[in-house]
Structure formats: C-alpha cells, structure tokens
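These are my notebook entries on a structure that I had not examined before. I record below what I looked up, entry by entry.

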Amino acid sequence: MRTYLKHAALLALGRFRALSRANVRFRGAFSSFEEAAAHVRPGMLAGYDHDAVTDVSKELMQQVPLWDYPILYWLERLAPEIARIVDAGGHIGVKYRAFRPYLDLDRIDWIVYDLPALVKAGHAQVRPQDRTLSFVDRIEDAPAADVLLASGLMPYLDEPLVDLVRRLRAPPRHILLNKVVTRDGPTVVTLENFGMAEVPYQIRSAAEVPAALATLGYDVIDTWTIDSLAHRIQTHPELGRSTYRGYVARLRNALPRGGEEMSGEF
Ligand SMILES: C[S@@+](CC[C@H](N)C(=O)[O-])C[C@H]1O[C@@H](n2cnc3c(N)ncnc32)[C@H](O)[C@@H]1O
C-alpha cells in the first residue's frame, strides 16, 4: 500500500511539472531516440550537433571531477601498452586537456571522434601544446587504436554500442566507458534541457552495456557506480533514480602489445 501511494504521489508530481512546463533539466519519457527527438519544443535546437551547443558545460568537462578518477587510474595503469586512443564523444578534446597534467600525452596519439559541430570547434580551439590531439567526425576514419574511450557519450549516442565499435578499423584491446546512465527496467529516452537546445538522453537498461561488450568479445574487468550523479526525470519521477556506471573491458584472447597476433575480428 505504501509503495502504491508513493508511486501515485510521484506520478502526480511529475505530471504536474510537465503540465506546468516547469523549467526542468530532464523532461519526458520516450521509448526511442527518434521519438524523443520528435518532441523537442518548437524554437529549441534539437540535439548536440550545433555551433551554439559546443560551449555547454565545456569548462566543467575540462576539469577532473571525482568520477573521472577510475578512468585516469586505468589509463595510467595501461599506459605502457597504449600508443593510440580513440576518444568517442571527446567533444573539443576536453578530457585530453583535463588529463594532460596526469598522463604523458606527448607519447599517446589521441583522436577525438565527435559530431561535425564539435569537431569544427575542436579544430578551432587547438593549442600549441595539443601536439598529439586530432579529430575525426567519422569513427571509420580513425586509425586502429589500443583503447576506445567513451566518457559521457552513451546517454547521447543514437546507435547501439555494438554498431559503433564495429565501425572501428580494428577492435581495440581495451574499451573504457564512463557516465553510462542506466536504470532497472527497460531503456527510457528523455530530453535534456541545454537552455538553447533539447538533447535526447538515453537511460539504458542496466543489462544492455555488459551484454553489448560480451557480444563484441570483451570481458568486463572493472566496473563502478557514480552515486553523486544519480537523478530522476523530473516529469517522470515514478520511473526511479538512474545509476551512472563505468566499465573497463578487455578483448578476450588479445595478446599484449608486441605479441604476435591480435584477434582482428569481432
Ligand atoms: C557530455 S559530452 C562528453 C564530453 C567528455 N567526453 C566528457 O566525458 O566530459 C557528450 C559528447 O558526445 C558527443 N556525441 C553525441 N552524439 C554523438 C555521436 N553520435 N557520435 C559521436 N559523438 C557524439 C557530443 O557531441 C558531446 O561532445
């Protein structure tokens, strides 16, 4: 009875917020990326791929908040076997800039893959010290890498992880994912309010990413949650709190760098 009443109260609160058009960060609950995109409010830009969106949260993303430390730990630990990283959803190179004081990036080729507007902004903002930073707006154009990093990409990615990874030239030995937003229950897509834009934002079923990594032939060797980022969709609080997760996965049967052969197919 108490659970039922709580659910009903959350439902009523959410619908009231939706009807009152409250200025909330997360609005709506849709079954697909396309359905969410179709509900962007008139007058708002839709999605990430716009010049006006490239500065949103840029300063924050160039810092190293607590939730970046597992990634930093693994990049440092794997550094002897990393010559090249593909940073999918790497924005203008925000994590390259943030991690520079902690990693010897002069010996790591760091390729950001992002949407065209971000790649354009990234090129325009390259600094003289960003010697090993480059950009592609098609992941197929990135050379084979030792690590695929996708930090903060998964909520915004409009294709399955399996498809993204299969578009790489070769399977990287390690995949590092951070800020993967998950929930207990089916995947839900909401709209994140960026002020001038609304961006489809996927809260994935918790089983989805581990299943994708297994399909791709990877073993998950580390995982964590980021409790401080958990949130509810303000217009649909009855759907529960999301859980932010990170994963490190290693390609099964891959030999260490310098070994004779590496599994070249998914
Ligand atoms: C929240 S930012 C993450 C920035 C940074 N990696 C971090 O961890 O702070 C998400 C990034 O994903 C990019 N993105 C969204 N959809 C994408 C897609 N289909 N392919 C590549 N990048 C995408 C956005 O343009 C944006 O730069």
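How many residues lie between β8 and β9 in the hairpin that they form, and which residue in the turn has a positive phi? I found three residues between the two strands, and Gly195 in the turn has a positive phi of about 95°.

**Entry 1: basis.** I note that this is a predicted model, in which local features need pLDDT of at least 70 and side-chain atom pairs count only at pLDDT 80 or more, while totals for chains, interfaces and linings use all residues. Residues are numbered from 1 along each chain as its sequence is written.

**Entry 2: the chain as a whole.** I looked up eight helices and eleven strands in the chain; helices (H or I, at least four residues) and strands (E, at least two) are DSSP runs, numbered from the N terminus. The radius of gyration is 19 Å, close to the 18 Å that the globule rule gives for 266 residues, so the chain is as compact as a globular protein of that length. The radius is taken over C-alpha atoms, and the rule is 2.2 Å times the number of residues to the power 0.38. The C-alpha trace spans about 60 × 40 × 30 Å along its principal axes. Of the 266 residues, 35% count as buried. I use "buried" for 20 or more other C-beta atoms within 10 Å of a residue's own, "exposed" for 12 or fewer, and "partly exposed" for values in between, with C-beta atoms placed from the backbone.

**Entry 3: strands β1, β8 and β9.** Strand β8 (residues 188–193) runs antiparallel to β1 (residues 26–30), and three bridges join them. With β9 (residues 197–205), β8 pairs in the antiparallel sense over six bridges. Strands pair if DSSP finds at least two bridges between them. Leu191 of β8 stands opposite Arg27 and also opposite Pro200 in β9.

**Entry 4: helix α6.** Which residues of α6 (residues 116–124) are buried? They are Leu118, Val119 and Gly122. Seen down the axis of α6, these fall within an arc of 100°, so they line one face of the helix; the arc is that of the directions from the helix axis to the C-beta atoms. The cover over them includes β4 (109–113) and β5 (133–136).

**Entry 5: Val209.** I located Val209 in helix α8 (residues 208–216). Val209 is buried, with 21 other C-beta atoms within 10 Å. Leaving aside neighbours within four places in sequence, its contacts (C-beta atoms, placed from the backbone, within 7 Å) are Leu161, Leu177, Val180, Arg204 and Tyr247.

**Entry 6: the ligand and His91.** I looked up 18 residues around the ligand, the closest being Gly89, His91, Ser151, Gly152 and Tyr156; a residue is near if its C-beta atom, placed from the backbone, lies within 6 Å. His91 lies in the loop between β3 (84–88) and α5 (94–99). Is His91 buried or exposed? With 26 C-beta neighbours inside 10 Å, His91 counts as buried. Its phi is near 60°, a positive value in a residue other than glycine.

**Entry 7: Lys179.** Phi of Lys179 is near 55°, again positive in a residue other than glycine. Lys179 lies in strand β7 (residues 174–183) and counts as partly exposed, with 19 C-beta neighbours inside 10 Å.

Note on methods. Contact = placed C-beta atoms within 7 Å.
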